[in-house]
Amino acid sequence: MAMGTNALVNANFQGATLTGSQFQNMNLQGANFKGAIITNADFSGATLDHTCFQSADLTDANLQFAIFKATDLSCAHLIGAKFGPVMTIQSSPDNIRTRFNYTTVDFVNFPINNWPSTYWA
């Protein structure tokens, strides 16, 4: 049985181990992945609206074509994570910006030059 696109809105995965999980094209609005281990997971095409990845391990995760809106990636580990070639960062009506504060990232797969600075901090 297939899971509906909105089945994981506001889901709580705090501290969970989700290695290799498949979240392609899912709406993960309000989902909490704080401190989760999500290595080699696939978030391609996912909607990450007010999604929390604080201190999560996203090593080698696929975030290509994901939509980021007020996504909190503070203190996350993103080594090897794939963000390009297209990733959308949108503004949020509540003026919360996507955050990468104290995030560990390599710039090989991080297309920061393509992002408007008004959408992330």
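In the predicted model, the protein chain contains zero helices and five strands. Read from the N terminus, the order of elements is accordingly β-β-β-β-β. The protein chain comprises 121 residues, of which 45% count as buried. Its accessible surface amounts to about 6,000 Å², and carbon and sulfur atoms account for 50% of that area. When contacts between residues at least 6 apart in sequence are considered, 20% of them join residues at least 24 apart.

An open sheet is formed by three strands in the order 1-2-4, with parallel pairing. Strand 2, which spans residues 67-69, runs parallel to strand 4 and is joined to it by three bridges. Within this pairing, K69 is placed opposite Q90 of strand 4. In general, the strands of a sheet pair through backbone hydrogen bonds, in either a parallel or an antiparallel manner.

Most residues other than glycine have a negative phi. N25, although not a glycine, has a positive phi of about 55°. This residue belongs to the segment before strand 1. N25 is classed as exposed because its relative accessible area is 53%, above the cut-off of 50%. A positive phi, here of about 60°, is also found at S55, which is likewise not a glycine. S55 is located in the loop between strand 1 and strand 2. With a relative accessibility of 46%, S55 counts as partly exposed, because this class lies between the limits of 20% and 50%.

The segment before strand 1 (47-49) also contains S21. The relative accessible area of S21 is 18%, and the residue is therefore classed as buried, the criterion being a value under 20%. Apart from neighbours within four places in sequence, S21 is in contact with A41 and D42. The segment before strand 1 thus holds both S21, which is buried, and N25, which is exposed.

How values were computed. Residues are numbered from 1 along each chain as its sequence is written. This is a predicted model: local features need pLDDT of at least 70, side-chain atom pairs count only at pLDDT 80 or more; totals for chains, interfaces and linings use all residues. Side-chain values use heavy atoms; hydrogens and water are left out. Helices (H or I, at least four residues) and strands (E, at least two) are DSSP runs, numbered from the N terminus. Buried means under 20% relative accessible area, exposed over 50%, partly exposed in between (1.4 Å probe, protein chains only). Contact means heavy atoms within 4.5 Å. Two strands pair if DSSP finds at least two bridges between them. Accessible areas come from the Shrake-Rupley method with a 1.4 Å probe; for residues, only the protein chains shown count as cover.
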